[in-house]
Amino acid sequence: MNPNPTASAHSAAPATPPLVWLPADLDRARVLVAQQQVGHGVGAQPAVVGGQAQPVLFPLAEAAQVGALLALVDGVMLTGSPSNVHPAHFDEDVHDPTLPLDPERDALTLALVRACIAQQVPLLGICRGFQEINVALGGSLHQTVHAVPGLMDHRDPDGLPLEQQYGPSHPVRLAEGSALAQWAGGTQAMVNSLHGQGIGRLAPGVRALAWAEDGLVEAIEVQGATEFAYAVQWHPEWRCDENPFYAATFHAFGQALRRRQQRRWQAHRAQPTTGAPSATGA
């Protein structure tokens with residue numbers, strides 16, 4: 001029998017799932033809110049469940065609120081999106097004005113990336129999120145990968161069923177000894193491919209972990225980060241429960257989320273309660 005059940009309860013892990021902030025596509029989210037329509041401006045991310053986490057949305061968040069909002073969550077997942085990072089963030093003009101942009105999302109997520117690294121908040125980037133991390137830390141993008149000599153067309157053909165769009169498309173080579181190689185169980189893996197843009201110049205302090213057959217960087221880690229800080233160009237959320245590599249990626253992310261959750265919980269428990277007002281205000 002436990003002689004001190006209260007102490008045991010205080011030392012136990014939190015019973016609720018960790019919270020993951022999924023930044024919305026803000027141009028769409030603001031319109032929906034203004035029109036009082038239902039919508040959240042992010043793609044379906046069933047893989048959050050793979051990390052046993054609860055997604056959290058702040059549809060009207062702004063860069064100035066990043067610090068306060070990060071204190072409420074256990075990690076950030078930057079999702080894919082139809083929109084591209086504005087090339088002004090890497091000192092280029094827009095090459096194709098027909099492609100969608102979302103400057104408000106840029107303003108939020110680029111600040112969010114830097115804050116996550118500084119505050120040791122677990123960070124996972126997917127597709128656009130992968131590109132956002134590189135740009136936020138000082139790198140650049142190819143605005144049209146298929147137009148770069150020597151690079152393949154990494155876009156998915158129009159009109160295909162989702163099973164084909166998100167199905168395996170090409171192999172990637174994984175850095176030996178990297179976390180990705182550990183998750184994949186080797187240095188080769190098949191991934192899907194649904195992107196028109198890609199990394200041009202790696203940001204300082206960012207290490208490439210995976211390459212397509214044409215040499216395009218397909219996964220990165222932030223060197224020196226003291227918590228999970230990885231990003232992939234492919235979409236591991238697609239049927240991740242059927243793909244051991246994708247599932248292992250989210251499992252590792254989930255472990256980082258729970259570490260952060262435990263730290264937040266312990267910090268909350270350590271806060272002094274002396275002098276706090278009672279429920280009746282007495």
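Which residue just after α6 takes a positive phi? G138 does, with a phi of about 110°.

## The model and its numbering

This is a predicted model: local features need pLDDT of at least 70, side-chain atom pairs count only at pLDDT 80 or more, and totals for chains, interfaces and linings use all residues. Residues are numbered from 1 along each chain as its sequence is written, and side-chain values use heavy atoms, with hydrogens and water left out.

## The chain as a whole

The protein chain has 9 helices and 11 strands. Both are DSSP runs, numbered from the N terminus: helices are H or I with at least four residues, and strands are E with at least two. Of the 282 residues in the chain, 45% are buried. Buried means under 20% relative accessible area, exposed means over 50%, and partly exposed lies in between (1.4 Å probe, protein chains only).

Contact means heavy atoms within 4.5 Å. Take the contacts between residues at least 6 apart in sequence: 71% of them join residues at least 24 apart.

## Helices α5 and α6

Two packed helices are described by the angle between their axes and the distance between the axes. Helix α5 covers residues 103-119, and helix α6 covers residues 128-136. They pack at an angle of about 70°, with their axes 9 Å apart. Axes are lines fitted to C-alpha atoms, for helices over the stretch in contact, and angles run from 0 to 180 degrees between N-to-C directions. The two helices are therefore roughly perpendicular to each other. Angles of 65 to 115 degrees count as roughly perpendicular, under 35 as roughly parallel, over 145 as roughly antiparallel, and the rest as oblique. The crossing of α5 and α6 is right-handed. That word applies if the near helix is turned clockwise from the far one by less than a right angle; anticlockwise is left-handed.

Which residues meet? From α5 come R105, D106, T109, L110, V113 and R114. From α6 come R128, G129, E132, I133, V135 and A136. By class, this contact has 5 nonpolar, 2 polar and 5 charged residues. Ala, Val, Leu, Ile, Met, Phe, Trp, Tyr, Cys and Pro count as nonpolar; Asp, Glu, Lys and Arg count as charged; the others, Gly among them, count as polar.

## A covered helix and its partner strand

Helix α6 is mostly covered: 9 of its 9 residues are buried. Among them are F130, Q131 and N134.

I199 sits in strand β8, residues 198-199. I199 is buried, at 3% relative accessibility. Leaving out residues up to four places away in sequence, I199 touches F130, N134, S140, L141, H142, L216, V217 and I220. I199 and N134 are 65 residues apart in sequence, yet their C-alpha atoms are 7.4 Å apart in space.

## Two residues of α9

Helix α9 spans residues 244-270 and holds T249. Is T249 buried or exposed? T249 is buried, with a relative accessible area of 5%. T249 touches W183 and F228, not counting residues up to four places away in sequence.

R258 also lies in α9. R258 is partly exposed, at 29% relative accessibility. R258 and P122 are 136 residues apart along the chain, and their C-alpha atoms are separated by 9.7 Å.

## Loops and positive phi

Most residues other than glycine have a negative phi, and most peptide bonds are trans. Q120 has a positive phi, near 60°. Q120 lies in the loop between α5 and β4 (123-126). Q120 is partly exposed, with a relative accessible area of 40%. R239 also has a positive phi, near 45°. R239 lies in the loop between β11 (229-232) and α9. R239 is partly exposed, at 37% relative accessibility.

G224 is found in the loop between β10 (217-222) and β11. G224 is exposed, at 72% relative accessibility. G224 and V206 are 18 residues apart along the chain, with their C-alpha atoms separated by 9.0 Å.

## Cysteines

How many disulfides does the structure hold? The structure holds 0 disulfides. A disulfide is a pair of cysteine sulfur atoms within 2.5 Å. C127 is buried, at 7% relative accessibility. C240 is buried, with a relative accessible area of 9%.
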